[in-house]
Amino acid sequence: MAVLSVEDGTVRDALAGDAAAFDALLAPQLGPAFRLATVMLRDRTEAEDVVQEAALKAWSRLRQFRGDRRSFGPWFLSVVASECRMARRRPWWSVVRTPDPPEAAGRSTEDLAVGRLDLWRAIDALDADDRLALFAYYYLDLPLEEAARVLGVPLGTAKSRIYRAARRLRPGLALEEAIDR
Amino acid sequence: MRDDVRRAFDEHTDDPHPALRSAIRAQLEAGRTPRPGFYRLAPLAAAAAVFLLVMGSGYYLLSHNSPGKPVPVAGNHLHDGVRRRRQQCAQRH
């Protein structure tokens, strides 16, 4: 999936305070951002709220962004992931939390070694940060460095988190199979 | 592995409603800023207020139900009497 495709000069204009340029920069990221938030929060409505809030936060913090148009995508997704973590930490009176799927309870790692039909159940049974690791690396197809940025962890930690999450889906998986590039 | 996981995410997540982009654009144009971080401190502030209230009321109750000032003991009166008698003796001599 292409993470970013914007015209030249858009980042510069956005950094200069052009809201329309920022909107153009943001547009290709909303799909991945919304899917990321849905994966982490398991709730579409809350995911929409979080993406909106992350967009405003990214706009207000755009001066902190150091990079080119290519790196805007991972940067914005890291803001979304951070907002998702905060949303999960919010007190019970402000968030309607969806319970963990019942399949997760009492299942061993071996039980999660499943075929394609049950793959989503196994992914859904992982904790939010492990789901995010798989999503960033496998679905968004981000290089390891950018996946680490989205996860908000150092490169080595990102690598081990992806591998750990992948092994929970397929216990016999080798590191080279999980981190395949 | 990669293809299977990608397919699973693709099947179980959707693109956002088109209104999401419109909503964000409208908020950007309106100059709306992100919610301040204050609301996240609200539970902490509430807990601190309750703690202070409990400590304050506890202190008040303790200070008003304490035994109070010590009652003068008999020795003090005796001491005064001895002093008075000594003064009377000194006046006689």
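**View 1. The crossing of α3(A) and α2(B) is right-handed.** In a right-handed crossing the near helix is turned clockwise from the far one by less than a right angle, and in a left-handed one anticlockwise. This is a predicted model, where local features need pLDDT of at least 70 and side-chain atom pairs count only at pLDDT 80 or more, while totals for chains, interfaces and linings use all residues; side-chain values use heavy atoms, without hydrogens and water. Residues are numbered from 1 along each chain as its sequence is written, with chains lettered from A and ligands numbered from 1 in the order in which they are written. Helix α3 (residues 44–60) of chain A packs against helix α2 (residues 18–29) of chain B at an angle of about 35 degrees, and their axes are 10 Å apart. Axes are lines fitted to C-alpha atoms over the stretch in contact, with angles from 0 to 180 degrees between N-to-C directions. Helices are DSSP runs (H or I, at least four residues), numbered from the N terminus.

**View 2. Here are the residues where α3(A) meets α2(B).** Look for A:E48, A:V51, A:Q52, A:A55, A:L56 and A:W59 on one side, and B:L20, B:A23, B:I24, B:Q27 and B:L28 on the other. Contact means heavy atoms within 4.5 Å.

**View 3. A:S78 sits in helix α4 (residues 69–89) of chain A.** Is A:S78 buried or exposed? A:S78 is buried, because its relative accessible area is 16% (buried means under 20%, exposed over 50%, partly exposed in between, with a 1.4 Å probe and protein chains only). Leaving out residues up to four places away in sequence, A:S78 touches A:R149 and A:V150. The C-alpha atoms of A:S78 and A:L151 are 6.5 Å apart, although 73 residues separate them along the chain.

**View 4. A:F65 and A:F72 form an edge-to-face pair.** Across all chains, the structure has eleven aromatic pairs. Rings of Phe, Tyr and Trp (its six-membered ring) pair if their centres lie within 6.5 Å; planes under 30 degrees apart are stacked, over 60 edge-to-face, and the rest tilted. The ring centres of A:F65 and A:F72 are 5.7 Å apart and the planes stand at 90 degrees, so this pair is edge-to-face. Both A:F65 and A:F72 are buried. Ring pairs also link them into a cluster with A:F22, A:W59, A:W75 and A:F76.

Notes. Helices (H or I, at least four residues) and strands (E, at least two) are DSSP runs, numbered from the N terminus.
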